[in-house]
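Me: I'm looking at this one for the first time. Could we go through it piece by piece?

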Amino acid sequence: MKPLFISGIGVISARGRGIEKFEAALKQGWIAPSLSQAGRPAYRISNDDLSDSDVLKTAKRADRFSKATLLAAYDAVKDSGAALKDIQESTGAIVATALGSHSTIFKFLDGILDYGEKSVSPTTFAHSIHNAATSYLTSALGCKGPAITVTDFYFPFQHALMLAYAWLNEERFRHVLVGVSDECSSAMDYIFEEKFQIASDGKMNPHAFSENPKTVPGEGSAFFLLSLNPAEKKYGAFSAVETSQAFKGWSEADISVVGTNGMGGSEKMYEQFSGKGKSVAAFSDIYGGMMASSAFDCAAAALILKKQRSYGVSDIDIKKSEKAVNTVQCISHNNLGELVFVKLIK
Amino acid sequence: MKIYVTGVGLISAAGKTCAETLESFKAGERRTSAVSLFSTQIKSPAYEVKNFSRHYFPEKLRTLNLCLAAIEDALTDAGLKNKLQGKRIGIAMGTTVGSILNDLDFYRVYREKGKSSMESVDRYLQGNLASAAHAFLKTEGPSMTVVNACASGTDAIGIAMSWIKSGLCDIAIAGGSDEMNRVPLCGFGSLGILSESLCAPFDKNRTGLNLGEGAGALVLEGETSLQKRAHAPRAAVRGYGTCNDAHHLTSPDPQGIGLEKAITSALHEARVQPSEISFINAHGTGTQDNDLVEGFVLNKLFGPNIKFLSTKGYTGHALGAAGGLEAGFCILALESGWIPQSAGFKNKDPQIPIAPVTKVTPVKKSFAVSTSLGFGGCNAALVIEFADKAGPSS
């Protein structure tokens, strides 16, 4: 795979909006999540962070999911320094999600239950469709290239990244905005509580590699602006995605960022990536448990490469130490214990 | 690089096999009934797959079962059933319903009691089409469930093409699947685009769409894979174009700018001129906006004499499955040398400069175009070439 150079990153999560806030959260480490009305811990995006009237002026009616998607995508372009008008005709968009805009879907079901099949809201229906967020993204940013929405429960970002590579490799266009979005509604809080072990004290402990890990549900959106042009590199590059179950990781990886988010069963398998001479980092306790959290892990990895800083448990300024970080692998797993690897290079 | 189609699996109200589909097309049969899969107050003819009993997973995972049945048929057709191990297989399937946790019974109980059975959640988590198909077939490779509204199936085929061209897999299975479901039925009803009578795509008196269900799957291979196993292709997907309108959540751009770009891009990739296109399988839902925009763009690009039809009059609008089904229909037509009448069309709309075919019509065994439009401003197009049975080296 040719390197996909990262020219901009946009992140919105419970820890704020923008790559600077994301990095500040990585440096700060864990803070306690908020509690829902039902007393369940969750990392939710604040309403203040979803209320940018300039960016959202064409998306006033959009739901939280669409707003988070649009803001993160917009921020990725802004972070790159590119003018929107310069990339509108040359950019494709790929939005990946695990669960989609389910709060709007439930709102539509409310309509059926409360008012009957013939009196539901057409606006709610239109917003409940998985690609509504992508539609807002393309309209607001004026991106008139291809725009695809894809869904997968465990590896949505990794597969979206593979498509980004294929599109750029075919020269369908020069840039791809690729990212993930997921939200956490009160109904989903309940489902998570039933399906996963929730850390009632708010502490996920992602470095424990536990057989019975705990999670705190999170929500957010993370986007990358990618191109094959090395001159547009700001953060390093994605250089490989490996889905084969025979694959065991890249030996040259200086750091492994592992997807210990408490949502895929046992995390014991990550022990193999730690130990003598191996550095492992895990950041899910920063932004919470999301099935699409690998994009956030990759954003953290991109920052490690750019800033030469190891965040998390041992926050080290690598520039002052002897060994530079040139390669980071991000590893995620699913409920079957299958691993998928993404490689980022400096 | 040419991407070949070596297997086709089609299941819709028009037929549960390719042969049955051709028979119903030729006879002009429109197999509709009231919705029978769930009770509803909404009166709109439905195109259901009757007596469908191929249950690979629990019966309620209907979208997934339809999907796997079409995939199984396509693999059998391609001579690849149970022969995928050791190969890099990509699976891209489009859907709308199959991606959504929209179980009304689960939600009703949760709303009332603050808790509910996890049965429907477990079912939902099993039902991601591409992941489930990979697990079912025990294959490895790129995986993508495309949820680009009604263009999903066409986009899935285009994505699979890109994977093979970029060396990410050797063989890809692509298409779409969707079941008849209450949520889109209510949703399209609320938008006022669900017809209470049989749909009439491109007709002056059209009153909206009818929902359908089904699945269409193609097996795609590059030349290297095909030559290794000396299997005759049925067709080649020569071009794919996709473009977003960046205009509106539910309405197409009135000038059809995105659709025009998508078709032009597909033709460009295929290196085919509009004059070489034998016929077009249009999206043709039967709604005012869709048919107006599509008719305008097809006339602009292909001229007034282009042969085209909508097959929605035989299948209903099968949403995420439509693109997979209609790409398959194009292949059947290229092989047979005819297209069926555009069911439901009687009166030319003076606002649409062209009209679809009104009878079984001979077509050249050359190139076909299949178009899809979807909510969110999605537009996608495929250029499909008839392949004689001599294989890629001929």
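This is a predicted model: local features need pLDDT of at least 70, side-chain atom pairs count only at pLDDT 80 or more; totals for chains, interfaces and linings use all residues.

Me: How many helices and strands does the secondary structure of chain B come to?
Reply: Residues are numbered from 1 along each chain as its sequence is written, while chains are lettered from A and ligands numbered from 1 in the order in which they are written. Helices are DSSP runs of H or I with at least four residues, and strands are runs of E with at least two, both numbered from the N terminus. Counted like that, chain B comes to 12 helices and 12 strands.

Me: And what is the radius of gyration of chain B?
Reply: Let's start from the globule rule, which is 2.2 Å times the number of residues to the power 0.38, with the radius taken over C-alpha atoms. For 394 residues that rule gives 21 Å, and chain B comes close to it, so it is as compact as a globular protein of that length. Its C-alpha trace spans about 65 × 55 × 40 Å along the principal axes. The radius of gyration of chain B itself is 20 Å.

Me: What percentage of the residues in chain B are buried?
Reply: A residue is buried if 20 or more other C-beta atoms (placed from the backbone) lie within 10 Å of its own, exposed if 12 or fewer do, and partly exposed in between. Strand β1 (residues 3-12) of chain B is mostly covered, with 10 of its 10 residues buried. Over the 394 residues of chain B, the buried share is 64%.

Me: Which strand does β1(B) join through 9 bridges?
Reply: Two strands pair if DSSP finds at least two bridges between them. β1(B) runs antiparallel to β6(B), with 3 bridges, and there B:Val5 stands opposite B:Ala235. Another pairing sets B:Ser12 opposite B:Gly214. That antiparallel partner, with 9 bridges, is strand β5 (residues 214-222) of chain B.

Me: Is B:Gly94 buried or exposed?
Reply: B:Gly94 sits in strand β2 (residues 89-94) of chain B. Contacts here mean C-beta atoms, placed from the backbone, within 7 Å, and leaving out residues up to four places away in sequence, B:Gly94 touches several others, among them B:Val146, B:Ser152 and B:Gly320. Because 41 other C-beta atoms lie within 10 Å, B:Gly94 is buried.

Me: B:Lys138 has a positive phi; is it buried or exposed?
Reply: Its phi is near 55 degrees, a positive value in a residue other than glycine. B:Lys138 lies in the loop between α5 (129-137) and β3 of chain B. With 10 other C-beta atoms within 10 Å, B:Lys138 is exposed.

Me: What about B:Leu319, buried or exposed?
Reply: B:Leu319 isn't a glycine, yet its phi is positive, about 55 degrees. Its place is the loop between α11 (312-315) and α12 (322-336) of chain B. Since 33 other C-beta atoms lie within 10 Å, B:Leu319 is buried.

Me: Over to the contact between the chains: how many residues does it take from chain A?
Reply: Chain B gives 54 residues to the contact. Chain A, for its part, gives 51 residues.

Me: In β3(B), which residue is the bridge partner of A:Thr151?
Reply: Strand β6 (residues 147-151) of chain A pairs with β3(B) in the antiparallel sense, over 2 bridges. At A:Thr151, the bridge partner in β3(B) is B:Thr145.

Me: How far apart are the end C-alpha atoms of helix α2 of chain A?
Reply: The expected span is 1.5 Å times one less than the number of residues. Helix α2 (residues 64-80) has 17 residues, so it should span 24 Å, and the model agrees. It's also largely enclosed by the rest of the structure, because 16 of those 17 residues are buried. Its end C-alpha atoms are apart by 24 Å.

Me: Last one: what ipTM does the predictor give the complex?
Reply: For chain B, the mean pLDDT is 95, and 98% of its residues reach 70 or more. The complex gets a pTM of 0.97, and its ipTM is 0.96.

Technical notes: Two residues are in contact if their C-beta atoms, placed from the backbone, lie within 7 Å. pLDDT is the predictor's confidence in each residue, from 0 to 100.
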